[in-house]
Amino acid sequence: MNFDVIILGFVQGFTEFLPVSSSGHLALAKIFLGIELPPLNYDLVLHVSTTLATILFFFSDILTFLGQWCAGFVNTEARKKLGWHIGWAVILGTLITGVIGFALKNFAEEASLNSLLVGIGLVVTGILLVVSRWIREGYGRVALMDGVYVGIAQGIAVMPGISRSGMTIMAGLAAGLSKESAFRFSFLLSIPAIIGATLVQALEIGGWHNFVSTLPSGWFFGAVCAFLSGLLSLFILKKLVIASKWWFFGIYCLIVGLSAIGVTYLGAW
């Protein structure tokens with residue numbers, strides 16, 4: 001069995017949700033350590049696994065809010081429910097994310113090959129996470145404009161080193177949401193965005209037979225590891241966000257980012 005894909009599945013699943021930018025870490029690993037990144041089809045499998053973990057974690061909320069949103073089309077009273085507002089905020093946020101992500105796609109791919117830019121991205125993430133310590137918790141519920149703010153943050157997070165979860169949760173807190181609401185909306189908004197990006201990349205690969213036949217051996221076990229570690233990291237992050245302890249990840253990102261910048265300026269890469 002190929003144990004590399006299992007290890008990669010665990011690491012990818014665990015760092016996918018924590019505010020440390022898994023893309024930034026993978027980019028630095030490739031640049032500095034010469035670690036071969038997984039083929040695109042296996043990377044997509046891991047993303048599907050972590051998305052399934054997100055859906056399971058928020059399954060009850062998804063069913064409730066989806067039902068309320070659908071009911072809002074035939075019942076005016078249902079439009080007062082939280083699900084009606086979250087539904088439209090997710091749709092608007094996803095559209096904004098798509099526009100920004102598409103505009104930055106080529107630059108983001110080039111930036112992932114530049115250790116200086118990746119390091120700067122991690123430093124930006126670190127600063128924002130530390131600053132978030134002083135953002136006062138709000139009490140507002142998700143509204144349409146929250147989809148704009150969080151959607152913009154999610155779109156910018158396509159850049160390597162910029163944490164998607166960190167940017168979107170902080171944007172929600174800055175918009176006046178409670179810690180739990182900001183955490184939940186961040187990941188509800190991630191579901192259509194990740195699924196959409198995965199489908200676009202899958203189309204670039206080719207047919208189904210080509211997709212499956214080129215997967216590395218042991219890919220299924222790697223996918224299971226990504227799913228389980230993704231669930232674990234969601235539980236951990238929720239507790240840290242609610243306890244206002246998640247800013248500690250900012251210090252970690254600052255250390256890694258500044259180290260990457262320092263090594264780059266020393267001329268080693």
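Reader: How are helix 4 and helix 9 oriented, parallel or perpendicular to each other?

Author: Two packed helices are described by the angle between their axes and the distance between those axes. In this predicted model, the axes of helix 4 (residues 59-71) and helix 9 (residues 179-205) come within 12 Å and cross at roughly 75 degrees. Helix 4 and helix 9 are therefore roughly perpendicular. Angles under 35 degrees count as roughly parallel, over 145 as roughly antiparallel, 65 to 115 as roughly perpendicular and the rest as oblique. Axes are lines fitted to C-alpha atoms, for helices over the stretch in contact, with angles from 0 to 180 degrees between N-to-C directions. Helices are DSSP runs (H or I, at least four residues), numbered from the N terminus.

Reader: Which residues make the contact of helix 4 with helix 9?

Author: Asp61, Ile62 and Phe65 of helix 4 meet Arg184, Leu188 and Ile191 of helix 9, where contact means heavy atoms within 4.5 Å. Residues are numbered from 1 along each chain as its sequence is written. Local features need pLDDT of at least 70, side-chain atom pairs count only at pLDDT 80 or more, and totals for chains, interfaces and linings use all residues, while side-chain values use heavy atoms, leaving out hydrogens and water.

Reader: What angle do helix 5 and helix 9 make where they cross?

Author: Their axes cross at roughly 55 degrees and come within 9 Å, with helix 5 spanning residues 82-111. Helix 5 and helix 9 are therefore oblique to each other. Among the residues that meet there are Gly93 of helix 5 and Pro192 of helix 9.

Reader: Where does helix 9 bend?

Author: Helix 9 bends by about 25 degrees at Ser190, and Pro192 follows within four residues. The bend is the angle between axes fitted to the seven residues ending at a residue and the seven starting there.

Reader: How do helix 6 and helix 12 run, parallel or antiparallel?

Author: The axes of helix 6 (residues 115-131) and helix 12 (residues 248-265) come within 7 Å and cross at roughly 155 degrees. That makes helix 6 roughly antiparallel to helix 12. Their contact includes Gly119 and Ile120 of helix 6, and Leu254 and Gly257 of helix 12.

Definitions and conventions:
Helices (H or I, at least four residues) and strands (E, at least two) are DSSP runs, numbered from the N terminus.
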